[in-house]
There are 4 protein chains.
Amino acid sequence: MPKPTLTIGLIGYQFMGKAHSNAYRQVNHFFDLPMQIRMKTICGRNAGAVQAAAENLGWEQSETDWRKVLADPEIDVIDISTPGNSHCEIAVAAAEAGKAVWCEKPIGNTLAEAQTMFDAVQKAGVPHAVFHNYRKAPAVALAKKMIAAGELGEIHHMRATYLQDWIADPAFPLVWRLQKETAGSGAHGDINSHIIDLGRFLVGEFDEVCGTLHTFIKERPIPDSDAVGTVTVDDAAMFLARFKNGAIGTFEASRFAVGRRNYNRFEINGSKGSVVFNLERMNELEYYNAADPAEAQGFRLIQVTESVHPYAGHYWPSGHIIGYEHTFVNLVADAVTAMASGKNPSPSLEDGFQNQRVLDAVERSHASRSWISL
Amino acid sequence: MPKPTLTIGLIGYQFMGKAHSNAYRQVNHFFDLPMQIRMKTICGRNAGAVQAAAENLGWEQSETDWRKVLADPEIDVIDISTPGNSHCEIAVAAAEAGKAVWCEKPIGNTLAEAQTMFDAVQKAGVPHAVFHNYRKAPAVALAKKMIAAGELGEIHHMRATYLQDWIADPAFPLVWRLQKETAGSGAHGDINSHIIDLGRFLVGEFDEVCGTLHTFIKERPIPDSDAVGTVTVDDAAMFLARFKNGAIGTFEASRFAVGRRNYNRFEINGSKGSVVFNLERMNELEYYNAADPAEAQGFRLIQVTESVHPYAGHYWPSGHIIGYEHTFVNLVADAVTAMASGKNPSPSLEDGFQNQRVLDAVERSHASRSWISL
Amino acid sequence: MPKPTLTIGLIGYQFMGKAHSNAYRQVNHFFDLPMQIRMKTICGRNAGAVQAAAENLGWEQSETDWRKVLADPEIDVIDISTPGNSHCEIAVAAAEAGKAVWCEKPIGNTLAEAQTMFDAVQKAGVPHAVFHNYRKAPAVALAKKMIAAGELGEIHHMRATYLQDWIADPAFPLVWRLQKETAGSGAHGDINSHIIDLGRFLVGEFDEVCGTLHTFIKERPIPDSDAVGTVTVDDAAMFLARFKNGAIGTFEASRFAVGRRNYNRFEINGSKGSVVFNLERMNELEYYNAADPAEAQGFRLIQVTESVHPYAGHYWPSGHIIGYEHTFVNLVADAVTAMASGKNPSPSLEDGFQNQRVLDAVERSHASRSWISL
Amino acid sequence: MPKPTLTIGLIGYQFMGKAHSNAYRQVNHFFDLPMQIRMKTICGRNAGAVQAAAENLGWEQSETDWRKVLADPEIDVIDISTPGNSHCEIAVAAAEAGKAVWCEKPIGNTLAEAQTMFDAVQKAGVPHAVFHNYRKAPAVALAKKMIAAGELGEIHHMRATYLQDWIADPAFPLVWRLQKETAGSGAHGDINSHIIDLGRFLVGEFDEVCGTLHTFIKERPIPDSDAVGTVTVDDAAMFLARFKNGAIGTFEASRFAVGRRNYNRFEINGSKGSVVFNLERMNELEYYNAADPAEAQGFRLIQVTESVHPYAGHYWPSGHIIGYEHTFVNLVADAVTAMASGKNPSPSLEDGFQNQRVLDAVERSHASRSWISL
C-alpha cells in the first residue's frame, strides 16, 4: 500500500529554497516516514529563474504567483523561504487557505508581524513550523537530550556566539540583507535569532535581556551603481540575558568577526556538567561530566555519529559525518512525523513568535540603554 | 534540449550501495553536468531486500541476476559494489558486454584478480573507474592542488593512519569481512587501501615497502551459532615505504584503535610546507607555509568550504559543511564529466590495480619479513 | 663589576607570594638584566608559617610586621601580595617611605582605595607596578605587537571570558575570597579584572559598559563550624562594552563554569585579521590574516616559543613550552629593566587604577540596570 | 636540623646544562625532599664560557677539567650533559670514583659504550640515572599510572612520532649533531631515543623491530668555511615494532617535518581505552574510556594540572600550566627521593642501556633490510 502523500509548495528559490528542496528530495530516502513528500510547485517572481530552479532542485513545476500556489488544492504545505518582508502576508493567506505553514526564520520582520502570523495559524487551526534547523543537528539534539535528562544538573550559564565575516569588507555592496525594509534587521534577526532559538530550546525561556546593536560600516556601494547608500541594519548585536530558571547568558552575533565563517558556537554550564557545540564542527559535541573521577576529568569530544545518537542512525556508520544540509532533512523528517500523527511540528510558529519577542526586547533594550523584561 | 542520459546498473545494495545510490540521486542537483544520471536497476541476490532497496534508494527496478543487468542495452555503467570476491567475474563480464565498469575498492581480492580486471577493461576499451572516494573530499583535492602547484616543495614525508575500532571487542562475531575467502584481507584491503590511494594520489608511486599484518583476536563467535571460527584476515596492518620521488612514509590501518571511529588521517611534509587531513573533520585542511613570517608561522586551519575550493562551490556558503556522502557525489560528477568528454574517469581501474600491487607487496613483505620492491 | 642590587620586601606568602618569589629567584638566571634581585624579607602575620615560607621560597629572612619591612633602608621595592583589603594602607605607607610599590591586582577593594594608592605613588614620585601578569605571556605580547603594528587593522570586536569552576559545588566553604570585606568582590575583581586589563592593553580604553553580577549560591558553610554564612560577593559577572576607538566587546568571568579550570580566553577581530588566546594553552596564539590567499585562509596556530617571539628567546628552543609562572618572571624582568633606565614599569598602578574604574562602572551598571560611561 | 646535602658536579653547560641547572636550583623550592641540592661545580672546556655559565646558572664555581670534578670528595653526583662521544669515558671514571652517575640520553654513541657504562656503574655499585625527562611530564606519568592500573586493558597499539624541522633548510650548517663521530646518530639517537623510552616505559620491552634511517640532505656547508661536508647521520628514522606483550607499534623521528617544532606525540590503544600525548601541549592528556556510556563516548581532554595528578600538586592551582623545564625538576625530585631511601633512581642507566639496544637493533635492521629480534 503506498504511503499517503504530503505535497509541498515552496515560495522562494535562493539559498533557503535550495536547502529546503534538498531536504524534501532526500528525506524519504533516509527516514522511513509515514508520508511520502511530493515536490509539486516552486514559486518565484522571475519566471525563467524559477523554472530553472524547478529543474535543478527537483520540482514538478514552477509558478510566479504565490497566490496560485496557495489556491492549489493538492498542496498541503506552504513553505515560505522568501525574504522576511513577505512572510507575513503569505503566511496569513496560506493559513486562511487551510494550508500547513512552514516558515523560515525570523518569521517576521517585526514582532507585530510575527504575532499576526502566529494568530493566523492558531485561528485557522493549521499545522505550522519554523525552520530553526540547528535544533536538528545531531549534536544539538544530543545536548537537549542530556539536559532534559538532568545530566547537566541545574543550568547556570549559556554563552552563545554566531560569528560570520562576509560583510567585513567596506566595499561589500548594499544588498537586500543590509536594508531594514526587506531584512528587518541585520545580524540580529539573521543569526542572533538562531542562537536565541538554541537558548530557548536548551535552557528555557528568557526572563530579561540587555543588549546593543552596532553598525560598523554605515554606507556601502549600491549594486550596479556609482552611488552609495545607507546601511539600515546592524552589523553586530550582543546582549546579556537572564533566563526564567535562573541561568544567565551572553549572546553575540556579528558579520564582522574576520576569520569566522559560520561560527555558531555555544557553551552551556550546569551544576553537573557542561556541553559545547560549534556548527563548523557540527558532528561533534564536547561534554564535561563533573562526576568523572578526579584524575580523569575533562571535556570529551563526542563524535555524534553513532547509531545511538539522535538522527545519526539514519545516515552512515560511526565516524562518517553528515553536513549542514542534513539539519533540514532531520527537521522535515520530524515535521512529517508530527503531522502524520496529528501533532504540530516542533519548532513551531509559536517558537518563531517567542523568538521574535526576544529579538524585539533586545532592540528595545538597545533603544532604552537598559534591561527589558519579557 | 534535454541532456543525454547516463544509465546506471548497480550491483550491491548494502553500505556502498546506499552511498552510491545517494550520489546518483544527488549529483545532477548540485553539478551542472553534460549528462543526466538515470538510476535504472539495482541488483542483489535477495529479491525482497533488493526490491525494498530499489524503493528506498530511488531505483526504477530491482534485479537478482547481475548477468541480466549486464545484458540490458540501455545500461551504460555497471557499478560493482558487492563484496570483493565477486568483483572480478562481474567486471570482466561487464567489460565484455561493452559497459563502463565502475568498481568499489579494493578492486579484487588478489593482485591476479585486479590484473585480470584491468586487462579486461583495457581490452574492451570501456571506461573504468574505482571508488577511491576520499580523493574527492574538498580538503584532499585542495591538498592535491597545492602539491601539484609546488606549494609544498619537494615531499619528504607522508604519515598516514586509518584507524577504526569496530571489532576491538572479542565478542564481535565472525562476519564476512573477517574471512579471507570473501574479503580478501582485513584492515589491510579495506582501509589501508584508502591511504595507499591517498599516498599514490598526493605523493606518487611507491618504490618499496616493508610491513606486517597482525591479528589480535584469532577466534570469534560464528553468527547465529554456539561455535567459534577462525579469523583469517588481519586486524591491523602497518608498513614503511619509500616513494619513487625520494619521499618516505609510514602507513597503518587498524580495526583495534579503541576510540577511533573513522580516523583516516594523513600528514605530508614537504620542503616548503605541510598539510594535515583527518576524515573525521573532512571539511578542514591544516596547512603550514614555511614562507610565512618567522613570527607568524603555524598550521592554518583552512575550512575547505569556500567557493574557490574544489567542489565546495557546488554546495553551500562558506562554513556550511558537507558530509561523507558528498565525496561520492563529487566522484560521480568527475566521472560523468570525464566520460562526456571522452576521457577515462580518475581514479581508474588502473589506480585500483596499482593500489593492489602495493597491498600485495606489503603482504609479501609480511611473509618474507623484509623490504619488497615494486 | 657586580651589578647594582634591587632589594625586595614581599608582603604576603600564599599563592601570589609563591609565584612572585619564584619570579625573583629565577629572573636573573634567564634575563641579562642591569640589576640583580636580592630577596631580603618576606612578611606575614603567622610567624611560623612565614618563616617556613622564607626557607621554601628563598628569602633571607621573615618578618611579621609589614611596617618594619617598609622601615628597612636596604629595601627598594615593596611587593604587596596580601588580600585586597590591606593593599591601600600598605601601598600608601610604602610610597611615603619612598619605596617602589609593586602591587597585586585588583589594587584596591574599591575605586576610592585605588585612587588613594595611585595618588600616593604619584605624590611620592616612586616607581609603581601592578601584577597584571597575563600581559607578559609571550602569546599575549605577540598579539599586542601585531595590533600595535596595525596587522589586525581597525579593531571591531573583543570577546573575553575568564572561566573557572572551583566554587561550583554548593558545599565549598565560605572562604575569604567569598566575603566582600576582605575580597572586595568575587569573580569580578579577581578574574574579570584580568580580562579588563587585557582589553585595555590590546584594544584600548573603555568608553562605556553595561553589566550584571550574579551570585548563584547565596549561603555556604562557614569553615570549621556547623553554621552557614552569606556569600557577599558575585559568583559571576558579565558585561557589554564600547571602547573609545569604536570597538565593542563582551566580557564574562565566572567561578561556576563547570569543567573550566582557568579558561582565560579572548578573541579580537579587526578589519585585517583576528587573534585568539587561551591561558590554558598559553604558549599558543591563533592568528587569522585576511590577506592570505583566498584558498588558504584560516586561523594559524602559532607556537609562541621561537627566539623571535617576545620573551621566548630567554628560555628554551622552539616548541619547548614555558608555564604560568614565567609570566611573572617576564613581568619582573620588564619592571627591573624599566626601573634601571629611570622609567616606570608597565603595567603601573595607573593601569591598576584605570582597571578599577572599569570594575566600578560595571558594579554601578549592575545597580542602575543601565549603561555607564567612563 | 638541616637536611643532608646532595652535591652536584655538572659536566656540560649548553642546552642540557641550562635545563639541568634550572632543575637543581628549583627542585627544593617546589618539593619537600629529604636532601638539599648543592650546586657546586659546573665544568666545560672553555674557561670563560663556563665561568659565565656558572654565574648565570647558579653554580658555586666552574672547572675546565672534568677529572678534577670527579676528584672532588664533596661531590656526590656527576651529571654528564656533554655531547655523546664523551659520555662513556666520563661515566666510567665517575663510577670508579664512587660517584653517582646521572647521564643525558642516549647514554652512549654505540651499544658497546652503553654496555660499558652500565657495567661500570653496576660494578662500582653507585647510583645511576638517565635523563629521559619526558617520563616525568605529569601527563605521561598519569598515562603510566592508568596503564599500570589496567585502565587501558591489554595494550594493542602504540604509534609514536617525534617530529622537528630545524634542519629542513639545506643551508643549515654541518654542526656537531650532524656528524656521527660526535653525535653517534641523528634524529635516531637524539629523539627516537625519547619515544623508544616512552614505549618501554608505557608499553613494555621491545621484542623485534624493523626500520630504516634516511638522510635527505647529504652535504651541508661547514660553519665558518666556504666548503661543504658530508652529513654522516640520519635526518629521519622510522621503524615498526612488536613488543613482548603482543602490542605492535610504529615509531618515527624526523628533523624534516616542516612545521613541527617539538612534536613528541604518542597514542596508545588498549582493549579498554586509549591515551594520546603531545609534548607541545604537555599539560594535557587525551583519554578515551571504552566503558563510557554509548552515547557519551569520546576522547577526554584532561588538563593534568590538578593536585591529584602526578607532580602537579607541587606547582600551581588547577589549570595553571607548567613548562618543559619542569620535567627535569620532577626527574631530579624523583632521583633525590630514590637515593635518599637507598633505591636507585628510575629511569636508570639500565634503561639507557636497554634503550640503546633498541636503537642499535633498528640500525642493524636498516643495514639488513629485515626484522631484528631483541
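**A helix, a core and a pair of chains**

In this predicted model, the buried residues of helix α5 of chain C are covered by elements that include α4 (87-96), β5 (100-103), β6 (128-130) and α10 (349-368) of chain C. Helix α5 itself runs over residues 111-124 of chain C. Its 14 residues reach 20 Å from the first C-alpha to the last, close to the 20 Å expected at 1.5 Å a residue.

Which residues of α5(C) are buried? They are C:Glu113, C:Ala114, C:Met117, C:Phe118, C:Ala120 and C:Val121. These residues lie on the same side of α5(C), because they cover an arc of only 155° around the axis. The face turned away from the buried side of α5(C) carries the exposed residues C:Ala112 and C:Lys123. After α5(C) comes C:Gly125, with a positive phi near 70°.

Helix α9 of chain C can be described in the same terms. It covers residues 325-340, has 16 residues and spans 23 Å from its first C-alpha to its last, close to the 22 Å expected at 1.5 Å a residue. α9(C) is mostly covered, with 13 of its 16 residues buried. C:Gly342 follows α9(C), and its phi is positive, near 75°.

Next comes the nonpolar core. In soluble globular proteins, nonpolar side chains tend to be buried together. The largest nonpolar core of this model holds 502 residues, and the members that touch the most others are A:Val101, B:Val101, C:Val101 and D:Val101. What does D:Val101 touch, leaving out residues up to four places away in sequence? Its partners are D:Ile78, D:Ile80, D:Ala91, D:Ala94, D:Ala95, D:Val121, D:Val126, D:His128 and D:Leu349.

The last topic is how chain D and chain B are arranged. Chain D is superposed on chain B by a rotation of 180° with 0.0 Å of shift along its axis, and the RMSD is 0.0 Å. The two copies are thus related as by a two-fold rotation axis. In chain D, the C-alpha nearest this axis belongs to D:Ser370, 2.2 Å from it. Both copies use the same surface, as 100% of the contact residues of chain D recur in chain B.

The contact takes 31 residues from chain D and 31 residues from chain B. On the side of chain D, the strands that each supply at least two residues are β7 (155-163), β8 (206-214), β11 (236-243), β12 (248-254), β13 (263-270) and β14 (273-278). The residues on this side of chain D comprise 14 nonpolar, 14 polar and three charged.

Notes: Residues numbered from 1 in each chain as written. Chains lettered and ligands numbered in written order. Predicted model: local features only at pLDDT ≥ 70, side-chain atom pairs only at ≥ 80, totals over all residues. Least-squares fit on C-alpha atoms with pLDDT ≥ 70 in both. Contact = placed C-beta atoms within 7 Å. Core = buried A, V, L, I, M, F, W, Y, C linked by C-beta atoms within 7 Å. Buried ≥ 20, exposed ≤ 12 C-beta atoms within 10 Å, placed from the backbone. Helix = DSSP H or I, 4+ residues; strand = E, 2+ residues; numbered from the N terminus. Nonpolar A, V, L, I, M, F, W, Y, C, P; charged D, E, K, R; others polar. Expected span 1.5 Å × (residues − 1). Arc of directions from axis to C-beta.
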